[in-house]
Amino acid sequence: MIRGKMPKVAVVVWDENYRVKGIVVSAGRGGGGFTRLSEADAEAPSLAAGLAEVWAQPEFREADVIMLSGFMPESVCFELPLPPAGYAQLNGLLQFELPRRLPCPPSELKVFFRRVGTAAVRVFAIRAPQWEKVVAAVRESGIRCDAIVHPFMAVTEEFAYFPGFVPGLCFRQSEPDKLMEPALPPDEAISGDLPETVLNFAASQKWSAALKYLSPLPPDLKPQRFRCLKAALALLLVLCLGSGVALGLRHWLDNRERDSLIGQALDGFDTALAQQTQARPGLEELNALAVKMLEATGEIDPLPGVAVLTTALPENAWIINFRSGGGGVMLTLLATGSSGPLVNKLNALEGFEVDSLRQQLNPDGAVTVYATLKPKGEKQP
Amino acid sequence: MISRLKIFWKEKRSQAVLIIALALLALVSLYVNLGSIHRTAAAPSADGENELRLRRRALSSAMIEAQKLEIPIRQVAASRQLFWLTATDGDPATEFRKRIEAATQYAGLTLKSIGAMQKTKLADGVECCEITIAADGKSDAVLKFLAALRDSGKYFFWKNLTLNPDNIRSPQFLMLNGTIKIVTVEPAAAQKLWGEN
């Protein structure tokens, strides 16, 4: 029985008279049995027609697990005890074993096999033309399936007999711990439910690991699933690669443009620096000349000083010496009586400020004032 | 969906692995490519920008120094009237003395002596010329002389000037001693300084 949540499984089985039966099931919740969703029967003049008729029912979809199983003439099924090995290794072992077991040369047969338990292999061999007929019928019907297996290859029970599907033989285990083998059906009612057997096998997924050797199908018979996903992945891949290429190209172009701009800017700077360097000696020479010329013309104009002094001095004072030069005016003044008004006048002179002032009292009572004036606003050294 | 994926994984394991591998490859390729872009984008621009920064700094400092050097040049350019241009103001060897004499005459000052013109070369085409004079007169005349000299040209500078009363009892009568200075500029130097003759 199927356990756990399983996808829908569709099996299509047929007998030697091309009575075709299709069943779609889904696993029940909590590991219950199958829920039969749809069944279809067909009786057609050919296998292809019967398959197509069943497959035309709306419940049969390619997205489900699809397994075909039915009558295949000129075939043989048996089990061989072989040591536990991988399928590739088993395939090699069978190349030696089969010629002794098969009724005709293996080259005339299509041989399929799957591992049964741990130490046995079940082999199904069919004459190649018969297999091609089955494949052609399936192709003609338009069905694309996961596997086409003989019912005996799907058998998981100890024995099975499918009246009408496998005439004359049952697949049975004669004794415990013995391999299954085809045999004539015994008198007692031994029977198997073919759809149920194939459903169980299809739903068990045990065959998927052996698919390459159990039912190798041509690509056009295999279902095309996840087409959107594949297309999306391919598109994503193309987009990734495309965007990578575009980014790389953009990066390369940007880099080239940036390099070009940097180069231009560097050239511009180099040119400007060269011009500066070239102009520097001339500029320095001119600067030295300008400095000298400014120094030469930096003398104080004595006229404002003389003009101010001639009008601003008090009545009791007069200049006995006026000397300009060196950026200032040196005065020697004589005041009769108090020198206060004179000093006040000096301190209040317009455009000048007193830099130093010294007074000397003469024997005759007059006062000699020595003053140094600087133009206002001129910084003191 | 998950069951489908499980089936897909079981049935098409090789294709799934291939697709995943391709997707991973694409992601890795993209990542490496982006990383490479990031690194290579950073490296040349960093070098270039460093180079640009160095050049800009060098140019900036050169320009700042040039601007400092240009300050006195601009000051000289802005004060052309302070210099005696031989092309327009005449030959200082004769004109300098004439102007002084004219000013003393105009002011009514008695020119007692006028010295020979002394030249000091400042640069090619630029000289400092000085003449020492001695004169006397009333204070009004002295003031008039100083004003006349200044009005006749701003290029007259008093290197030094000494005024003394001629007689302590008549302080309005002054003795003047001083050195008058001009800075002469030849046409070639004027061209260099101001771009004209």
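Because the model is predicted, local features need pLDDT of at least 70 and side-chain atom pairs count only at pLDDT 80 or more, while totals for chains, interfaces and linings use all residues. Residues are numbered from 1 along each chain as its sequence is written, and chains are lettered from A and ligands numbered from 1 in the order in which they are written.

**Overall make-up**

Helices (H or I, at least four residues) and strands (E, at least two) are taken as DSSP runs and numbered from the N terminus. Chain A comes to nine helices and 14 strands, and chain B has six helices and six strands. Read from the N terminus, the elements of chain B follow the order α-α-β-α-α-β-β-β-α-β-β-α. A residue is called buried if 20 or more other C-beta atoms lie within 10 Å of its own, exposed if 12 or fewer do, and partly exposed in between, with C-beta atoms placed from the backbone. By this criterion, buried residues make up 31% of the 381 residues in chain A, and 23% of the 197 residues of chain B count as buried. Two residues are in contact if their C-beta atoms, placed from the backbone, lie within 7 Å. Among contacts between residues at least 6 apart in sequence, 63% in chain A join residues at least 24 apart, and the corresponding value in chain B is 65%.

**A sheet of chain A and the helix across it**

Strands of a sheet pair through backbone hydrogen bonds, either parallel or antiparallel. Here, two strands are said to pair if DSSP finds at least two bridges between them. In chain A, three strands form an open antiparallel sheet in the order β5-β7-β6. Strands β5 and β6 (109-116) of chain A stand at the edges with a single partner strand each, so one side of each is left without a neighbour in the sheet. The twist from one strand to the next averages 20°, where axes are lines fitted to C-alpha atoms, for helices over the stretch in contact, and angles run from 0 to 180 degrees between N-to-C directions.

β6(A) pairs with β7 (residues 120-127) of chain A in the antiparallel sense over eight bridges, among them those that join A:Val111 to A:Ala125 and A:Phe113 to A:Val123. The two strands form a hairpin with three residues between them, and A:Gly117 in the turn has a positive phi of about 65°. Although β6(A) is at an edge of the sheet, six of its eight residues are buried. Helix α3 (residues 128-141) of chain A lies across β5, β6 and β7 of chain A and runs at about 85° to β7(A).

Most residues other than glycine have a negative phi.

**Nonpolar cores**

A nonpolar core is a set of buried Ala, Val, Leu, Ile, Met, Phe, Trp, Tyr and Cys residues joined through C-beta atoms within 7 Å. The largest core has 63 residues, of which A:Val11, A:Leu51, A:Met67, A:Phe124, A:Val198, A:Leu199 and A:Ala202 touch the most other members. Leaving aside residues up to four places away in sequence, A:Leu51 touches A:Val12, A:Val20, A:Ala137, A:Val138, A:Ser141 and A:Ile143. A second, separate core of 59 residues includes A:Leu331 together with B:Val126, B:Phe145 and B:Leu161.

**Contact between the chains**

In the interface, 54 residues of chain A are in contact with 59 residues of chain B. On the side of chain A that touches chain B, the elements giving two or more residues are α7 (227-296), α8 (302-312) and β11 (317-325) of chain A, and α7(A) gives the most, with 29 residues. The residues of this side divide into 31 nonpolar, 13 polar and 10 charged, where Ala, Val, Leu, Ile, Met, Phe, Trp, Tyr, Cys and Pro count as nonpolar, Asp, Glu, Lys and Arg as charged, and the others, Gly among them, as polar.

**Helix α6 of chain B**

In helix α6 (residues 187-194) of chain B, the buried residues are B:Ala189, B:Ala190 and B:Leu193. These residues cover an arc of only 100° around the axis, which puts them on the same side of α6(B); the arc is that of the directions from the helix axis to the C-beta atoms. Just after α6(B), B:Gly195 takes a positive phi of about 75°.
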